[in-house]
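Trainee: I'd like to learn how to read the aromatic rings in a model like this one. Can you walk me through it?

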Amino acid sequence: MLDIAIIWDWIAFAVRWLHVITAMAWIGSSFYFVALDLGLKKAPDLPKGAHGEEWQVHGGGFYHIRKFLVAPENMPEHLVWFKWESYSTWLSGAALLMVVYWVGGELYLIDPAKADLALWQGILISAGSLTIGWLVYDRLCKSKLGESPTLLMLLLFALLVAMGYGYNEIFTGRATMLHLGAFTATIMTANVFFIIIPNQKIVVADLKAGRTPDAKYGKIAKLRSTHNNYLTLPVVFLMLSNHYPLAFASEYNWLIAALVFLMGVTIRHYFNTKHTGAPAPTWTWLATAILFVAIIQLSMAPLQQDTWEASEARPLTQTEQVFANAEGIDDVMNIIPGRCGMCHAREPFYEGIHWAPKGLHLETKADVVRAAKQIYLQAGVTNAMPPANVSFMEEDERKKIIEWYKNAREQLPFGMAATH
């Protein structure tokens, strides 16, 4: 009989792989076109309406590229659209969010120490916030603020900081950073889907109909594309942050995220300026370094974690109660704290470990049953944990973990069994 937990973990791996591949394609094309756009040169033989051109060499061949600010006089027969990279990245990211943070919400999404939420409430907040964020941002861009790009960027930054703070009030640290990244990525993809591509289609339709396209559509798309350019690097950081408790488990993780957005601006400003051929603004290196040092300092604040006493007193969810009462739990409680607690403790005592890896604690029964699936996969089915088996976990101990997990799974309804 196939193990649903193992299948589900492979599904998560496959979706994550797809998300990384599509993100590489989107970011790569985005960075390329920004560099191309900023590096365009004037030439005496440019056709009417052309803004500039660029000669490039790659893969043993030469490329001659010209940009039209509005559109060429005649519609080309073959036109390549760059949109599916963005759409695929968002769709795969949304699927990954559902697989990891919605289905595994009791561990990764909901923090009972922050807000007393049912899983379905957390999922509604998760999904709703992404939609609302885009609507607020889009309204700002379509207001008179669209004529003041710098002020608009400052307001966007304020919106992102506010969302980070809000997420941190209700979600786990990991979910806070991940959702802020998803919030930002939703804005970026919505820019492509609702603004950039539709505006380009209007221009194409005008060309086919023999009308002169309106330059305003290109100007609007350019503003949204600029925002996407400066938001890309912070989104990548936020998506990687779930591997580093120093980033997500700090009391000031929302401030760390805010400084990362500023780092995205300084880094992209350096490269954008360099692409234009102007002297590179070397001050951005110092500014980036100062921001990074500030992030390190913020990460040294006390990590957000419940106490041993709070964990012991925490009411268990219905699913956790099943695992807590399952046959074999006593054996597991004799194994896990001893074999894993040296690292996965609120105050780790293994040399070189200062914070529990991924912020996961395995000291109390509430800790253990909350992480039942992770324990089963990491220390039962596989020998990934403990790393290099530094605590000398025996094979019969791993078998006891598997037996306990399966005993509990048999008592869960099918829907729950697929997610735990």
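Trainee: Let me start with a charge. Which residue lies over the face of Phe31?

Mentor: Keep in mind that this is a predicted model. For a charge over a ring, you check that NZ of Lys or CZ of Arg is within 6 Å of the ring centre and within 35 degrees of the ring normal. Here, Arg268 lies over the face of Phe31, 4.1 Å from the ring centre. Another case is Lys83, whose charged end sits over the ring of Trp81 at 5.7 Å from the centre.

Trainee: And ring against ring: how many aromatic pairs does the count come to?

Mentor: The count comes to 16 aromatic pairs. To sort a pair, look at the planes: over 60 degrees apart counts as edge-to-face. Take Tyr165 and Trp254: their planes are at 80 degrees, with centres 5.1 Å apart, so they pair edge-to-face.

Trainee: Where in the chain do Tyr165 and Trp254 lie?

Mentor: Tyr165 is in helix α5 (residues 149-170) and Trp254 in helix α9 (residues 253-275), so to speak distant parts of the chain, 89 residues apart. As for accessibility, Tyr165 counts as partly exposed at 40%.

Trainee: What about Tyr270 and Phe271?

Mentor: Their planes are at 90 degrees and their centres 5.2 Å apart, so that pair is edge-to-face. Tyr270 counts as buried, at 12% relative accessibility, whereas Phe271 at 33% is partly exposed.

Trainee: Which residues form one aromatic cluster with Trp84?

Mentor: Trp84 clusters with Tyr87, Trp134, Tyr137, Phe193 and Phe194.

Terms used
Residues numbered from 1 in each chain as written. Predicted model: local features only at pLDDT ≥ 70, side-chain atom pairs only at ≥ 80, totals over all residues. Heavy atoms only, no water. Phe/Tyr/Trp six-rings, centres within 6.5 Å; stacked < 30°, edge-to-face > 60°. Helix = DSSP H or I, 4+ residues; strand = E, 2+ residues; numbered from the N terminus. Buried < 20%, exposed > 50% of the residue type's maximum accessible area, 1.4 Å probe, protein only.
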